[in-house]
Amino acid sequence: MNKTPLCAVHEKSGARMVDFAGWYMPVQYTSIIEEHNAVRTNSGLFDLFHMGEFWLSGPDALKNIQKICCQDSEALSDRQIAYTPMCRPDGTIVDDLLIYRWTAEKFMLVVNASNMKKDYDWIASQLEGDVKFVDKSSETGLIAIQGPNAEAILQKLTRQRLKPIKFYWFTSGKVAGIDCIISRTGYTGEDGFELYYPAEHSEKLWNDLLEAGKDFGIKPIGLGARDTLRLEARLMLYGNDINDETTPIEANLNWTVKFAKGPFNGSEVMKKQKDQGVTKTLVGFELGKGPAARHGYPIMKDGKKVGEVTSGTMAPTLQKNIGLGYVPPALSAIGSTFDIEIRGKNYPATVIETPFYTRARS
Amino acid sequence: MTTKFTKEHEWAKLEGDTVTVGITDYAAHQLGDVVFVELPAKGSKLQKDKVFGTIESVKTVSDLFAPVTGEVVAVNGNLENNPALVNEEPMGAGWICKVKMANPSEFDQLLSEADYKKICD
């Protein structure tokens, strides 16, 4: 199993470790609910070394990014970030990733750990013209600090002024004396930052951040709370909510698909789906009190299976059972009802607005 | 009053011919935050070693196995509104049900505390 440079630190702190996509990772340090609440109300620290960082540069970098990703990177300013699906010509999703635009000739792509090899091979197979493609995942550390106190804590360790950095923008600068890419992004539904840095400095950066956040009550956060946080915010988990068989239109990620920029991988299929409709669509639902919906549970209507749950949990902030799943469009309107089959019994569910949770913005 | 254990991490506390059943400290800790307990119905019959309910934490779903054969004479209704009792006091206020034993000798076959602890190490 792959280990992060912080593995020993996590073990020493008593974290429960699990295998996640081939990585030996902390699933929880104390309690998933406590960690979840810490991020919503205070601050939390995540070791995300397992994520992949690819760099694409050269005169044809922009042209290639435009072809392989659904978002419009020409419309991005330098030092702006976009969340994007990356599709095949048939519209199915290879992965979802972040595009960091340094210039029109230099981009960083941040991909899911579970897809790193698949993504690298796919992108390499698609590239044309004068472009250099490098995988820097193994030398790049990634620590996220998330929550309403994230900015105040991080500001203690850097002379870069953080306040002017807008959501989904980045800068570079020293944090705790370490050269970092300081990115105002996250996977929690809260404000926060993600720091990319040379991996050998992992322990210092982790410990300095914990120390700086001590008076605030910062907590290290495991993958368990990462999942409940992202699901409340309706952020996609590749392998659950989107995969090799779904398209961004089916997943209701239309806002990331920029047809106006001209043809790109999958654009024809997706345009057709957008104009003529889809056979399945991803909705958010809530369940009454009782068992939680989980990945793979059948969605039933009038005794017939009509879809499947892709993610589900008891939502710690909302204090109710929520989930995402694919259903026929006829069952996708807010207020539509269907059943979730759980261990042979049907439990009524109702389609509700997503994101389930939205932070109050100042 | 004697408390005995199963290798599936349930405990059973003997009072007359009835046992109170719950999950162990070890199991509660391993599960993490409990968010739902599917209780057996009062009056239902349990079969030793067979599944009689489920317990869900944020991340996982686990079956509950009957430590003895018998009839459910009481269930802990407090768990419906406060499943976290299983984490707070797994061997006290977080009990799950009381079972009137059909065959009291089954209790003797359960693990002693010392033998159960060996399983957890």
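Begin by selecting α2(A) and α7(A), which are oblique to each other, the word being kept for angles that are not under 35 degrees (roughly parallel), not over 145 (roughly antiparallel) and not 65 to 115 (roughly perpendicular). Helices here are DSSP runs of H or I with at least four residues and strands are runs of E with at least two, numbered from the N terminus.

Before going further, note that this is a predicted model, in which local features need pLDDT of at least 70, side-chain atom pairs count only at pLDDT 80 or more, and totals for chains, interfaces and linings use all residues. Residues are numbered from 1 along each chain as its sequence is written, while chains are lettered from A and ligands numbered from 1 in the order in which they are written.

**The helix pair**

Turn the view until both helices can be followed: the axes of α2(A) and α7(A) come within 8 Å and cross at roughly 55 degrees, with axes fitted as lines to C-alpha atoms over the stretch in contact and angles running from 0 to 180 degrees between N-to-C directions. The crossing of this pair is right-handed, meaning that the near helix is turned clockwise from the far one by less than a right angle.

Now show side chains for I32(A), E35(A), H36(A) and V39(A) in α2(A), which meet G224(A), A225(A), T228(A) and L229(A) in α7(A); residues are in contact if their C-beta atoms, placed from the backbone, lie within 7 Å. Four nonpolar, three polar and one charged residues make up this contact, where Ala, Val, Leu, Ile, Met, Phe, Trp, Tyr, Cys and Pro count as nonpolar, Asp, Glu, Lys and Arg as charged, and the others, Gly among them, as polar.

**Between the domains**

Next, colour chain A by domain, with domain 1 covering 2–48 + 138–232 and domain 2 covering 279–362, bounds that come from an automatic or database domain assignment. The C-alpha centres of the two domains of chain A are 30 Å apart, and nine residues of domain 1 are in contact with 11 residues of domain 2. On the domain 1 side, α2 and α7 of chain A each give two or more residues, and α2(A) gives the most, with four.

**Across to chain B**

Finally, bring chain B into view, where 10 residues are in contact with 13 residues of chain A. The elements of chain A that give two or more residues to this side are α2 (32–41), α7 (223–232) and β17 (304–315), and the side divides into five nonpolar, six polar and two charged residues. The model scores ipTM 0.89 and pTM 0.96.

Key. Two residues are in contact if their C-beta atoms, placed from the backbone, lie within 7 Å.
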